[in-house]
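The following paragraphs lead the reader through a protein structure. Please keep the sequence and the model in view while reading.

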Amino acid sequence: MAQPEERRTPSEPRTPSGPPAPSEPSAAREASTARDWTDGHVARWQPVLPDLDPVVEGAVTRMKKLSVHLRRVREQSLVDFDLERHEFDTLHKIAGRGGSAAPSELAQDLDLAPASVSGRLDALEKRGFVRRTQSTTDRRRVVVELTAAGHETWLGAMDVLGHEEYRLLGVLSPEERALLNGMLRRVMVEAESTEPTRHW
C-alpha cells in the first residue's frame, strides 16, 4: 500500500493533473509480470474447483479488491477532513446541484424524510459548511447553499480519492485506459440490462 500523503487542511485542495506516464518502457513490462494477491487466490482454488476459469475469477476478484481499496481511501479521506459519511453525502448532493438546493430536492436525492434532512442541515450549518437563505423568487422557499468552507472541505475529501484513482490508472498508457474503460462499459451494460439501475 502506498505511503499516505501529507495531511492537508480543507483550505488546501488540489486538483488531479492527470495520471503520470511510466518513466521507462521496461516499467510496464515489469508490472505486467508482477504477481498480486489474486494470483495466489486463483492458484489456491483451481485444484478445488477444476472448472474455475482463472481469467474470469482473476478479473472479478481484482475488481472487487480495487473497489474495497478505493472505499478505504475514501473513508480515510473523511477522517482526515473530520467528516462523517452522512455529512459528506449531504455536501456531495448539494455540490452536485451546483452548490445550492432546496431541502425537498436533498430529501429526494438522499432518499430521506424531510425531518432527517433538516437535522443534517442543522448540524452542517453549525459547522459553517452550509447556509439557509430564502429564495429570491419565492419567499416561502428555502435554499441551502454551500459556504466557501463547505465547498473546500467537500472538494478536499474528493481530491484525495481522485489522486489515488489517477495514481492507480497511471500505470496504464492513455490507450490502455481507454480500452479498459470501454471493456468495463460493455460489462456494465450487460449487468444493468438484467437488474434495476443502481447509482454507486
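In the loop between which elements is the place of D82? D82 is located in the loop between α3 and α4 (85-96), where helices (H or I, at least four residues) and strands (E, at least two) are DSSP runs numbered from the N terminus. This is a predicted model, in which local features need pLDDT of at least 70 and side-chain atom pairs count only at pLDDT 80 or more, while totals for chains, interfaces and linings use all residues. Residues are numbered from 1 along each chain as its sequence is written, and side-chain values use heavy atoms, with hydrogens and water left out.

Although D82 is not a glycine, it has a positive phi of about 55 degrees. D82 counts as exposed because its relative accessibility is 52%; buried means under 20% relative accessible area, exposed over 50%, and partly exposed in between (1.4 Å probe, protein chains only). A positive phi near 55 degrees also occurs at D111, a residue other than glycine. D111 belongs to the loop between α5 (103-110) and α6 (114-126), and with a relative accessible area of 71% it is exposed.

The surface also carries a nonpolar patch formed by V56, V60, M63, L169, L179, L180, M183 and L184, with about 640 Å² of accessible area together. Patches are made of residues with over 30% relative accessible area and no salt bridge, like charges being joined within 9 Å and nonpolar side chains (Val, Leu, Ile, Met, Phe, Trp, Tyr) within 5 Å. A salt bridge here is a side-chain nitrogen of Lys or Arg within 4 Å of a carboxyl oxygen of Asp or Glu. Accessible areas come from the Shrake-Rupley method with a 1.4 Å probe, and for residues only the protein chains shown count as cover. Helices α3 (54-80) and α8 (174-192) each supply at least two residues of the patch, and α8 gives the most, with four. V60 is found in α3; its relative accessible area is 33%, so V60 is partly exposed.

The strands form an open sheet of three, in the order β1-β3-β2 with antiparallel pairing. Its edge strands, β1 (100-101) and β2 (130-134), each pair on one side only; two strands pair if DSSP finds at least two bridges between them. Two bridges join β1 to the antiparallel strand β3 (residues 142-146), and S100 stands opposite E145 in β3.

Finally, K65 lies over the face of W37, at 4.3 Å from the ring centre. A charge sits over a ring if NZ of Lys or CZ of Arg is within 6 Å of the ring centre and within 35 degrees of the ring normal.
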